[in-house]
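Keep the viewer open as you read.

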Amino acid sequence: MAPPITSKNFTDDVSLVVVLLDTNPYFWSSSPSLSFSLFLSHVLSFVNSILLLNQLNQVVIIATGHNTCDYVFDSSALSSINQSSGNAKMPGFCEEVIKNLDEFLSEDERLSTVDAIYGVGSSLLSGSLSMAMCYIQRVFRSGPLHPQPRILCLHGSPDGPEQYVSVMNAIFSAQRSMVPIDSCVVGAQHSAFLQQASYITGGVYLKPQQLDGLFQYLSSVFATDLHSRNFIQLPKPVGVDFRASCFCHKSTIDMGFICSVCLSIFCADQKKCSTCGSVYGRAKADASSGTGQKRKDTS
């Protein structure tokens, strides 16, 4: 087992913000209240404000598509942009993000084999969360000093029940590493996955009411570093949807059956766990009684 990571920060107000950007074309093509171009302009202004708040701040943007996810911006890798010029770096920063996003969207479209049949398809949230945690773990091990990391999910697509296990694994990994997951949901429905992610990791969950003022929500709620959050009043969710997804049909359930060995969840009673192969007590008893009856008949 790897030794525990000791967190040593530059200062309390230096942040590493990993932004997960939902680029699902099925969602944005059906969104009546906010276009993707307007959404991207709000996000780019917010990212630029984070970089201007402190010259040591870092921002990483991960695009979350329908079929894949990838890095589209890393402020620590900037070489051709003058870091000492305030707003002068904004045009170059936007140009790089848009260029990488165009390449990513083309690749995501190329990987699409079938269209979303039942309305809006889900985005690959589990993949982008895993990539974010991998990046943060590399930062933890890069040296004795590092910024304070946090993840911001800008999400609009509905939850994918088939991603439940991998999403929860990423959430528990973030909890163990003390990395808050903030969530800003721009879709019509709340996200049960992100509600649980923010609740478990100590992050902030917000569903803005006026999407035209998205930048104001981002700058006033999510631009605050973790140290300053101890002194301000941040929005708290009214409730958290703790429902899980079953492993058999990948549907959200209120009540279910749990395997006592691997903790897999099923919507119906099972004789044998499809995940770990364990045979449950009732099935064992039935099998043993059937064997005893057979032996009795043949003797």
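## Ground rules

This is a predicted model, where local features need pLDDT of at least 70 and side-chain atom pairs count only at pLDDT 80 or more, while totals for chains, interfaces and linings use all residues. Residues are numbered from 1 along each chain as its sequence is written, and side-chain values use heavy atoms, with hydrogens and water left out.

## The overall picture

The protein has eight helices and 10 strands. These are DSSP runs numbered from the N terminus, with helices being H or I of at least four residues and strands being E of at least two. Of its 299 residues, 47% count as buried; buried is under 20% relative accessible area, exposed is over 50%, and partly exposed is in between, using a 1.4 Å probe and protein chains only. Take the contacts between residues at least 6 apart in sequence: 66% of them join residues at least 24 apart. Contact here means heavy atoms within 4.5 Å.

## Helix α2

Helix α2 covers residues 36-53, which is 18 residues. From first C-alpha to last it reaches 26 Å, close to the 26 Å expected at 1.5 Å a residue (the expected span is 1.5 Å times one less than the number of residues). Its buried residues include Phe-36, Phe-39, Leu-40, Val-43 and Phe-46. His-42 and Asn-48 of α2 are buried too.

Two packed helices are described by the angle between their axes and the distance between the axes. The axes are lines fitted to C-alpha atoms, for helices over the stretch in contact, and angles run from 0 to 180 degrees between N-to-C directions. A crossing is left-handed if the near helix is turned anticlockwise from the far one by less than a right angle, and right-handed if clockwise.

| Pair | Axes come within | Crossing angle |
|---|---|---|
| α4 (residues 125-140) and α5 (residues 164-176) | 9 Å | roughly 25° |
| α5 and α6 | 9 Å | roughly 20° |
| α2 and α7 (residues 214-222) | 9 Å | roughly 30° |

Start with α4 and α5, which are roughly parallel to each other; that label is for angles under 35 degrees, with over 145 being roughly antiparallel, 65 to 115 roughly perpendicular and the rest oblique. Their crossing is left-handed. On the α4 side the contact is made by Ser-126, Leu-129 and Met-133, and α5 brings Ser-166, Val-167, Ala-170, Ser-173 and Ala-174. By class that gives five nonpolar, three polar and no charged residues. Nonpolar covers Ala, Val, Leu, Ile, Met, Phe, Trp, Tyr, Cys and Pro, charged covers Asp, Glu, Lys and Arg, and the others, Gly among them, are polar.

Now for α5 and α6, whose crossing is right-handed. Among the α5 residues that meet α6 are Tyr-164, Val-167, Met-168 and Ile-171, while those on α6 include Phe-193, Gln-196 and Ala-197. This contact has nine nonpolar, three polar and no charged residues.

α2 also passes α7 in a right-handed crossing. Phe-39, His-42, Val-43, Ser-45, Phe-46 and Ser-49 in α2 meet Leu-214, Phe-215, Leu-218, Ser-219 and Phe-222 in α7.

Ser-198 sits in helix α6 (residues 192-201). Is Ser-198 buried or exposed? Ser-198 is buried, at a relative accessible area of 3%. Neighbours within four places in sequence aside, its contacts are Ile-181, Asp-182, Ser-183, Gly-203, Val-204 and Tyr-205.

Thr-64 belongs to strand β2 (residues 58-64) and is buried, with a relative accessible area of 1%. Not counting residues up to four places away in sequence, Thr-64 touches Leu-20, Asp-22, Cys-69, Phe-104 and Ser-128, among others. Thr-64 and Ser-126 are 62 residues apart in sequence, but 9.2 Å apart in space, C-alpha to C-alpha.

Met-178 lies in the loop between α5 and β5 (181-185) and counts as exposed at 60% relative accessibility. Most residues other than glycine have a negative phi. Met-178, though not a glycine, has a positive phi of about 60°.

Cys-248 is in the loop between β7 (244-245) and β8 (252-253), and at 31% relative accessibility counts as partly exposed. Leaving aside neighbours within four places in sequence, Cys-248 is in contact with Ile-265, Phe-266 and Cys-267.
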